[in-house]
Amino acid sequence: MRLRNILAIVLTVLCVAMLAGCDEQSKAGSGSSSAAVASGSSSSSASSGAAGQKAATMDISVYYPDVNATGLVAVTKTVKAQEADKYQAAVEALLAGTDDKKLTAVFPKKAKLRKVSVSGGVAKVDFDKNLISGFVGGSTGEEMLVGSLVNTLTEFPEIKKVQILVEGKEIDSLSGHLDLSKPVERMSELIKK
């Protein structure tokens, strides 16, 4: 009886080991693997999807105005995105706001990001109409909003300027204070040291 129990246990262990090995091989053959979190400023992990793009976890700097609107403060956020979506992830992290009581979110709560595309060093950032209809700030608020967006995206070295679009169209201004008809360069003068 005892020998029979030992054999049953050994046989069970062997079956489980073989099934686990087969499962790992089928996962490797289908191209799916688990995502690994990478540390660092822009590290990619070993996860690849059906399109073959690498998922990445990266630390990015997003800029928020201080509560007195005297300047922008960098906040490090960790985002997870595929290489092609890192700009969109950065803007979405900015729109998500901050829990820091010394800083404030400046984008209208209902404003939605439609798309970010980058070409020739210029990021075109397309928002829905709520960016303008929900904006309630004056000249300082407009400067802080544009500065937070531009400085966040120009943290990526390949982006030199940012063009703000609403519903796919260029705009002249948010509320008449800043000229947004052309792409805007980094606004370093707004960053608090």
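This is a predicted model: local features need pLDDT of at least 70, side-chain atom pairs count only at pLDDT 80 or more; totals for chains, interfaces and linings use all residues.
**Figure 1. Salt bridges across the model.** Searching the whole structure turns up five salt bridges. Side chains of opposite charge can pair when their charged atoms come close. The views below look at some of these pairs.

**Figure 2. D126 and R114 form a salt bridge.** Here the closest N and O atoms are 3.1 Å apart. The pair links distant parts of the chain, with D126 in strand β5 (residues 122–127) and R114 in strand β4 (residues 113–119), twelve residues apart. Are the two partners buried or exposed? D126 has 9% relative accessibility and counts as buried, whereas R114 is partly exposed at 42%.

**Figure 3. R114 also meets E167 in a salt bridge.** The N to O distance for this pair is 3.7 Å. R114 lies in strand β4 and E167 in the loop between β6 (161–166) and β7 (169–170), so the contact ties together parts that are 53 residues apart in sequence. E167 is partly exposed, its relative accessible area being 39%. Taken with the previous view, this gives a network of salt bridges linking R114, D126 and E167.

**Figure 4. R186 and E155 form a salt bridge.** Their closest N and O atoms are 2.8 Å apart. This pair, too, links distant parts of the chain: R186 sits in the segment after β8 (184–185), and E155 in the loop between α4 (139–153) and β6, 31 residues away. R186 counts as partly exposed at 29% relative accessibility, and E155 is partly exposed with a relative accessible area of 33%.

Conventions. Residues are numbered from 1 along each chain as its sequence is written. Side-chain values use heavy atoms; hydrogens and water are left out. A salt bridge is a side-chain nitrogen of Lys or Arg within 4 Å of a carboxyl oxygen of Asp or Glu. Helices (H or I, at least four residues) and strands (E, at least two) are DSSP runs, numbered from the N terminus. Buried means under 20% relative accessible area, exposed over 50%, partly exposed in between (1.4 Å probe, protein chains only).
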